[in-house]
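Open the model in a viewer and keep the selection panel at hand. The stops below go from selection to selection.

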Amino acid sequence: MWSWEAFFSFLHDPLLLQGAWTTVWLTAVSMALALPLAVLVALGRASGFVPLRLVTGGYVWLMRGTPLLVQLVIIYTGLPQLGLRLGVITSALVGLVLNEAAYLSEIVRAGVLSVPRGQSEAARALGMPPWKVFRVVVMPQALRVMVPPLGNSFNGLLKTTTLVSVISVEELLRRTQFAVQTNFRVLEGLTAAALYYLAMTTLWGLVQRWLEARVGRGHQARPSSGRRTRNAALELETR
Amino acid sequence: MTIETVVEAHQVRKSYGDVDVLKGIDLTVRQGEVVLVLGPSGGGKSTFLRTLNHLETPDSGTVTICGERIGYGEKGALRESRIALQRRRTGMVFQQFNLFPNMTALDNVAAGPVHVNRVPRAEARAAAGELLAMVGLADKTGNYPAQLSGGQQQRVAIARALAMRPQLLLFDEPTSALDPEMVGEVLDVMVRLREEGMTMIVVSHEMGFARAAADRVVFISDGVVVEDKSPDLFFAAPEHQRTRQFLDRIL
Ligand SMILES: Nc1ncnc2c1ncn2[C@@H]1O[C@H](COP(=O)(O)OP(=O)(O)O)[C@@H](O)[C@H]1O
Ligand SMILES: [Mg+2]
């Protein structure tokens with residue numbers, strides 16, 4: 001039997017609300033730390049210095065080739081065996097950041113490679129030093145390509161954080177499991193939790209749309225004369 | 001009055017693998033001179049132009065711009081961030097314009113002063129507005145490159161190069177990507193720059209421009225300078241077989 005009463009009380013349960021908040025900030029902090037790390041890893045993989053390329057390449061291979069769940073348990077439960085004892089939240093953050101950065105570095109790499117060579121050449125010809133070329137010209141254009149997949153990663157990470165419940169981080173899922181134990185209304189409790197996740201990912205979807213419009217400046221613009229477009233269409237026809 | 005040498009290239013060589021693209025190019029350009037570079041496709045014109053601001057590192061030979069050796073200091077090869085400083089003297093205009101698509105015309109032109117010379121943005125924008133007016137685009141300052149025609153984009157690109165107040169402008173086939181009816185508006189700007197005394201090296205096959213605006217024509221083929229003389233002499237009496245064959249094909 002489904003109980004609306006139980007369902008609504010779960011929706012209002014401060015236990016769940018606090019858990020949802022933990023989920024949100026874990027995701028945001030992990031993403032915020034993983035992104036700069038991913039940029040460094042992507043630069044390392046593009047570097048001319050072979051050892052750096054090997055280390056960063058090996059890191060990505062390792063992180064993407066093993067389950068996050070295994071990584072988390074190793075960090076929280078396994079490392080103390082070597083004398084390295086990390087707190088619950090620290091373990092969760094370390095695991096999420098290291099794992100996510102490996103995936104994000106691929107997105108960053110694809111984004112940077114998508115910027116035509118002529119762009120960095122024009123910037124260099126103006127006299128911009130390398131880091132300005134990267135920050136002022138390459139990165140903003142790479143971002144346009146990167147924002148949609150980065151947004152999807154954020155959406156994915158919101159849900160991936162459920163895994164850290166296994167090392168006893170009290171995020172939304174674990175809090176829901178606690179709450180359910182008082183009345184054994186499993187279906188109502190987890191449905192409420194699912195609704196929370198849905199609300200978070202939906203809100204994020206709106207933020208993502210806004211971000212995409214922002215970084216797309218100049219690109220959605222149509223040529224005022226339409227002449228180039230017509231020429232392109234002609235070329236296609238004659239092919 | 002002394003005539004200052006702006007460009008001094010000496011025995012510039014460059015190979016890619018076992019392809020010798022530049023086989024020892026010499027070129028001297030004095031202040032205010034307009035040098036037109038002609039030659040068959042694949043002859044090394046772009047590569048040579050790019051060695052002049054070290055976008056391409058020569059294997060050997062020297063490039064000196066306004067008395068400063070490009071790419072090398074007293075202690076040998078310079079780092080890219082030091083070479084960047086040297087590049088401020090040289091503006092470059094590309095065949096494909098290479099405007100920054102995410103910036104308006106105004107911000108494209110202001111980009112150099114703002115990000116290289118640290119000019120305050122408002123000041124750089126004001127100066128950029130004047131440059132855009134100078135190339136006839138006063139009403140397009142807020143347009144993004146995608147909202148401009150090819151000819152307009154190339155004029156923005158010229159204004160962007162001028163914003164750094166260069167001593168020398170390099171043009172690599174500035175009109176080759178343009179629809180024919182837009183070529184004139186770009187060449188007009190270049191002719192005006194010549195009248196204002198700008199030193200320019202222009203790779204182009206626009207014969208009208210060669211006759212009207214060039215002080216010298218340099219013919220580069222197979223990585224060497226085959227001829228280097230006034231346009232009149234060049235077109236009337238080309239000395240070499242290779243030059244005659246080339247002229248027969250394009251005239
Ligand atoms: N980065 C490069 N790697 C290998 N070969 C190149 C490169 N750039 C130019 N080349 C070769 O050098 C030759 C000269 O090219 P280029 O300077 O562009 O000639 P042009 O501008 O006169 O048409 C061509 O054969 C071209 O294929
Ligand atoms: Mg070329």
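Two strands pair if DSSP finds at least two bridges between them; strands (E, at least two residues) and helices (H or I, at least four residues) are DSSP runs, numbered from the N terminus. This is a predicted model, in which local features need pLDDT of at least 70 and side-chain atom pairs count only at pLDDT 80 or more, while totals for chains, interfaces and linings use all residues. Residues are numbered from 1 along each chain as its sequence is written, chains are lettered from A and ligands numbered from 1 in the order in which they are written, and side-chain values use heavy atoms, with hydrogens and water left out.

**Stop 1: the sheet in chain B**

Select strands β1 (residues 5-16) and β4 (residues 60-65) of chain B: they run antiparallel and are joined by 5 bridges. For one bridge, pick B:A9, whose partner in β4(B) is B:V63.

**Stop 2: ligand 1**

Select ligand 1 and the residues near it (a heavy atom within 4 Å). The selection holds B:Y16, B:V21, B:P40, B:S41, B:G42, B:G43, B:G44, B:K45, B:S46 and B:T47. By class, this shell has 3 nonpolar, 6 polar and 1 charged residues, with Gly counted as polar, Tyr, Val and Pro as nonpolar and Lys as charged. Helix α1 (residues 45-51) of chain B gives the most to the shell, with 3 residues.

Now display polar contacts (pairs of N or O atoms within 3.5 Å). Oxygen atoms of ligand 1 lie 2.7 Å from a backbone N or O atom of B:G42, 2.8 Å from a polar backbone atom of B:K45 and 3.0 Å from one of B:G44. Taken alone, ligand 1 exposes 570 Å², and the protein buries 57% of that (Shrake-Rupley method, 1.4 Å probe).

**Stop 3: the annotated spans**

Select residues 7-247 of chain B, where an unreviewed UniProt entry places the feature "domain: ABC transporter". This span is 37% helix and 27% strand, with its end C-alpha atoms 27 Å apart.

Move to chain A, where UniProt (unreviewed entry) lists residues 20-42, 54-76 and 82-99 under "transmembrane region"; such annotations may be inferred rather than shown by experiment. Residues 20-42 of chain A are 100% helix, and the end C-alpha atoms lie 32 Å apart. Residues 82-99 of chain A are 67% helix and 0% strand, with 21 Å between the end C-alpha atoms.

Methods: Polar contact = N/O pair within 3.5 Å; in protein donor to acceptor, adjacent residues only side chain to side chain.
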